Amino acid sequence: MQVQILGNGAYAPKTILTNHDLEKKIDTSNEWIVARTGIRERHIAAKDEATSDLAVHAARKALEQAGVAPMDVDLVIVATSMPDMFFPSTACIVQEKLGAKNAAAFDLSAACSGFIYALSVGEQYVRSETYRHVLVIGAEVMSRLTNWQDRGTCVLFGDGAGAVLLGPANEGRGILSVHLHTDGALWDLICVPGGAGAIPPSEKVLVECLNTIHMKGSETFKIAVRNLENVALEALHANDMSISDIDWLVPHQANIRILKAVAARLKMPKEKMVVNLDRYGNTSAASIPLAFDEAVNDGRIKRGDSILFLAFGGGLTWGAAVVNY
Ligand code: COA
């Protein structure tokens with residue numbers, strides 16, 4: 001049983017925060033941010049918008065495109081680092097808002113690699129014929145995990161959601177492979193250390209901003225480039241493919257310098273890499289399905305194209321998926 005992406009959708013909140021807006025709040029400049037990251041602006045959720053709201057918008061579009069009704073969804077998986085609440089899972093809230101009454105639902109936590117991890121889990125359920133239709137959603141309100149005084153991180157992240165509906169494939173199509181990796185020894189390179197179980201909410205947590213993203217940027221950068229290259233080669237090798245067999249590289253949108261370095265190492269022409277981080281920043285688990293959806297909608301990615309998804313994030317976690325769309 002092959003497993004296919006039957007439909008895709010994405011959503012970004014209306015409010016846009018530009019680098020020039022950030023210049024007015026912190027000691028930074030548009031030039032610095034563009035040169036070091038490639039990011040020009042990011043979307044920020046409204047006060048009354050939660051991760052589940054973003055997820056539902058993206059999921060509805062994916063279902064519409066696939067022509068599948070919410071009642072015919074069997075499982076909802078939401079990959080997120082910013083759930084609506086500790087419990088119930090954001091996926092339960094999405095199930096309710098979507099009217100997917102027959103679906104089981106759970107969240108998955110793998111930071112910026114969340115989409116590929118969730119894709120891999122969803123694929124297993126369809127492949128094993130346990131479920132027919134699985135909604136895989138990456139959704140984040142990163143703006144609420146951001147320390148807006150920390151110029152080293154607050155310029156990087158944005159809010160958004162992307163979704164795909166998985167189902168049984170037509171012959172020859174579908175998810176060809178998923179490779180996942182973790183190195184828990186490096187958990188403290190990117191983390192939100194406080195406000196949960198290990199360091200519960202307290203005045204100290206708020207004063208020291210332990211409930212926001214802490215990151216060792218340049219170490220993360222170097223490891224990201226190396227690991228993304230390695231997992232891409234692992235995925236190509238497993239499928240007996242070379243980079244010239246890939247029509248589109250859709251990587252996690254963290255930093256344009258990381259993406260260019262990975263593309264150069266893989267000898268992937270830059271025109272074949274989908275990049276939208278200039279307009280969205282790093283939307284963590286949402287970034288791959290957001291970029292994928294954009295390239296499908298503007299006609300770049302077509303049915304039958306071979307796609308290499310590449311992700312990297314906190315954990316550390318990283319992975320690759322090869323998909324014949
Ligand atoms: N505006 C202006 N200056 C800034 C700044 C900002 N927003 N952020 C940092 N700086 C300054 C630093 O304070 C430092 O100044 P100093 O030399 O006087 O101390 C200088 O710029 C260089 O900082 P550094 O952190 O070495 O820059 P960098 O080239 O490594 O770029 C990142 C910083 C965060 C853009 C880069 O490390 C990065 O993108 N890393 C990967 C992060 C990532 O992708 N994380 C998510 C993975 S899923």
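A polar contact is a pair of N or O atoms within 3.5 Å; within protein, one atom must be able to donate a hydrogen and the other to accept it, and residues adjacent in sequence count only if both atoms are side-chain atoms. The model shown is predicted, so local features need pLDDT of at least 70 and side-chain atom pairs count only at pLDDT 80 or more, whereas totals for chains, interfaces and linings use all residues. Residues are numbered from 1 along each chain as its sequence is written, and side-chain values use heavy atoms, with hydrogens and water left out.

**View 1. The surroundings of His-43.** His-43 is placed in strand β3, residues 41-44 (helices, H or I, of at least four residues and strands, E, of at least two are DSSP runs, numbered from the N terminus). A polar atom of the His-43 side chain lies 2.6 Å from the backbone oxygen of Pro-13. His-43 is buried, with a relative accessible area of 11% (buried means under 20%, exposed over 50% and partly exposed in between, with a 1.4 Å probe and protein chains only). Leaving aside residues up to four places away in sequence, His-43 touches several residues, including Ala-12, Lys-14, Asp-159 and Tyr-280 (contact means heavy atoms within 4.5 Å). His-43 and Asn-282 are 239 residues apart in sequence, yet their C-alpha atoms are 10 Å apart in space.

**View 2. Polar atoms facing the ligand.** The side chain of Arg-36 has an N or O atom 2.5 Å from an oxygen atom of the ligand. A polar side-chain atom of Arg-257 lies 3.4 Å from a ligand oxygen atom. For Trp-32, the distance from a side-chain N or O atom to a nitrogen atom of the ligand is 3.5 Å. On its own the ligand has 960 Å² of accessible area, of which the protein covers 71% (areas come from the Shrake-Rupley method with a 1.4 Å probe; for residues, only the protein chains shown count as cover).

**View 3. The shell around the ligand.** There are 22 residues around the ligand, and Thr-28, Arg-36, Arg-151, Gly-217 and Asn-255 come nearest (a residue is near a molecule or strand if one of its heavy atoms lies within 4 Å of it). Among the elements that give two or more residues to this shell are α2 (30-37) and α8 (217-238).

**View 4. The two domains and the ligand.** The domain assignment gives domain 1 (3-171) and domain 2 (175-324), with bounds from an automatic or database assignment. Both domains give residues to the shell around the ligand, so the ligand lies between them. Their C-alpha centres lie 14 Å apart.
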